[in-house]
Amino acid sequence: MKPKFEGGINLAMKVPPHQFDAVVSFYRQTLALEEIETLRPDIVFRLGPNRLWIDKVSGMSQAEIWLEVITNDTAAATAHLSDAGIVRCDEIEPLPEGSDGFWISSPAQIIHLVRTD
């Protein structure tokens, strides 16, 4: 059975420490996007129907955008993506215990979290 995929509402911007304060200031002051206070201490802004998470990540030289994909069946998604030659990269960032998801890299090297809703 082929799994169903759809875009999730979460976008993550992984930012090196030397850019973090300026990036947060850009979204907070320059664009004045609504910050989602209930998700503190994380820095999260409303970006239309999506949530933009700004994460400070040591060891990075430039910012990256990570995307979320929702599936109805992670086991089927794993097999389907593997058959398509998509690289799974769970070592990129640990998921919370009990999470039903995994990390992949697209052919353009964009990281995606694939998870159930």
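Y27 is buried, with a relative accessible area of 13% (buried means under 20% relative accessible area, exposed over 50%, partly exposed in between, with a 1.4 Å probe and protein chains only). The model is predicted, so local features need pLDDT of at least 70 and side-chain atom pairs count only at pLDDT 80 or more, while totals for chains, interfaces and linings use all residues. Residues are numbered from 1 along each chain as its sequence is written, and side-chain values use heavy atoms, with hydrogens and water left out.

**Aromatic rings**

- The structure holds three aromatic pairs; rings of Phe, Tyr and Trp (its six-membered ring) pair if their centres lie within 6.5 Å, and planes under 30 degrees apart count as stacked, over 60 as edge-to-face and the rest as tilted.
- F26 and Y27 form an edge-to-face pair, because their ring centres are 4.9 Å apart and their planes stand at 80°.
- F26 is partly exposed, at a relative accessible area of 37%.
- Y27 and F45 form a tilted pair, because their ring centres are 6.0 Å apart and their planes stand at 35°.
- This pair links distant parts of the chain, with Y27 in helix 1 (residues 17-30) and F45 in strand 2 (residues 43-47), 18 residues apart.
- F45 is buried, with a relative accessible area of 0%.
- Ring pairs join F26, Y27 and F45 into a cluster.

**Charge over a ring**

- The charged end of K14 sits over the ring of W66, 4.4 Å from its centre; the criterion is NZ of Lys or CZ of Arg within 6 Å of the ring centre and within 35 degrees of the ring normal.

**Fold and confidence**

- The protein chain has two helices and seven strands, where helices (H or I, at least four residues) and strands (E, at least two) are DSSP runs numbered from the N terminus.
- Their order along the sequence is β-α-β-β-β-α-β-β-β.
- The chain averages a pLDDT (the predictor's confidence in each residue, from 0 to 100) of 95, and 100% of the residues score at least 70.
- Confidence is lowest in strand 5 (residues 87-88), at a mean of 90, and highest in strand 2, at 97.

**Whole chain**

- The C-alpha trace spans about 45 × 30 × 25 Å along its principal axes.
- Of the 117 residues of the protein chain, 37% count as buried.
- Among contacts (heavy atoms within 4.5 Å) with a separation of 6 or more, 61% are between residues 24 or more positions apart.
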